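Have a look at the model below. We'll walk through it a residue at a time and then settle on the ligand.

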Amino acid sequence: MSHLIAPSLLAADFTNLGSEVEMINESLADWLHLDIMDGMFVPNISFGFPVVEAVRDICSKPLDVHLMIEKPERYLKRFRDAGASYLTVHYEACTHLHRTVSEIRSLGMKAGVSLNPHTPVMLLKDILPYVDMILIMTVNPGYGGQTFISGSLNKVGELRSMIDEEGYDVLIEVDGGVDTQNAPILVHTGVDVLVAGNTVFGAEDPVDTIRRLKALI
Ligand code: DX5
Ligand code: ZN
């Protein structure tokens, strides 16, 4: 499978949300990544259901919703109804992770689990058979525009081996500080989905930047 591109709406111009989503619709982007922050799990607050629902109504690409919130199990059905295709929760935010990912799947969504930069991938061993995607945070979650943490590359390689050794059908996504410089090595190391916020929405030509991330040039 060729790798997928998921631009992160957090870096979009919110005074022109309609045209930003229209740009995504017309681009080679595979998904649209939506960052939900609660001011508790992460120090920042982003946006909630009204924005996700509005985006759902105009976006032609699947919505990849990344929950950076405490006790995400409270809101799974709400995010399904708001339009999420992929719903990712944080390993560090879930006491009963198996129950939560099972519920996400039974609601008809794909289930993702995200790891903060300090959380080792070996902790995923027992949950891998039950998920569709692992999101490796390559910055500390909470803000866009941060610098990629270079040690994350080892985590991608380690996780790639864990998945391939068992033959699991699990995507690897990376999020934070992804740009046209580090994208090739990330994909080469085993990443399936690149999230990119500022690299895409801060570019002079976002559509061409998405094309370059897709073609790795
Ligand atoms: C950070 C978010 C990211 C963010 C990425 O907590 O999860 O999705 O939007 O932004 P960039 O690509 O600008 O680092
Ligand atoms: Zn994200």
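## A walk from loop to ligand

At 11% relative accessibility, Ala12 counts as buried, where buried means under 20% relative accessible area, exposed means over 50%, and partly exposed is anything in between (1.4 Å probe, protein chains only). You'll find Ala12 in the loop between strand E1 (4-7) and helix H1 (17-26); helices (H or I, at least four residues) and strands (E, at least two) are DSSP runs, numbered from the N terminus. Val52 sits 40 residues from Ala12 along the chain, and the two C-alpha atoms are separated by 14 Å.

A word on the ground rules. This is a predicted model, so local features need pLDDT of at least 70 and side-chain atom pairs count only at pLDDT 80 or more, while totals for chains, interfaces and linings use all residues. Residues are numbered from 1 along each chain as its sequence is written, chains are lettered from A and ligands numbered from 1 in the order in which they are written, and side-chain values use heavy atoms, with hydrogens and water left out.

Val121 is buried, with a relative accessible area of 1%. Its C-alpha atom is separated by 17 Å from that of Thr95, 26 residues apart along the chain.

Is Ile217 buried or exposed? Ile217 is exposed, because its relative accessible area is 56%. It belongs to the segment after helix H8 (206-215), and Gln181, 36 residues apart from Ile217 in sequence, is 8.8 Å apart from it in space, C-alpha to C-alpha.

Arg80 is found in helix H3 (76-82), and with 28% relative accessibility it counts as partly exposed. Arg80 and Gly108 are 28 residues apart in sequence, yet 7.9 Å apart in space, C-alpha to C-alpha. Lys71 lies in the loop that runs between E3 and helix H3. It is partly exposed too, at a relative accessible area of 49%.

On to the ligand. 20 residues surround ligand 1, and the closest are Asp35, Gly142, Asp175, Gly197 and Asn198; a residue is near a molecule if one of its heavy atoms lies within 4 Å of it. By type, this shell divides into eight nonpolar, ten polar and two charged residues. Here Ala, Val, Leu, Ile, Met, Phe, Trp, Tyr, Cys and Pro count as nonpolar, Asp, Glu, Lys and Arg as charged, and the others, Gly among them, as polar. Strands E2 (32-37), E3 (63-68) and E8 (193-196) each supply at least two residues of the shell, and E2 gives the most, with three.

What do the oxygen atoms of ligand 1 meet? A polar side-chain atom of Ser8 lies 2.8 Å from one oxygen atom, and a polar side-chain atom of His33 lies 3.4 Å from an oxygen atom. For Gly197, a polar backbone atom is 2.7 Å from an oxygen atom of the ligand. Taken alone, ligand 1 exposes 390 Å², and the protein buries 99% of that (areas come from the Shrake-Rupley method with a 1.4 Å probe).

Terms used:
A polar contact is a pair of N or O atoms within 3.5 Å; within protein, one must be able to donate a hydrogen and the other to accept it, and residues adjacent in sequence count only if both atoms are side-chain atoms.
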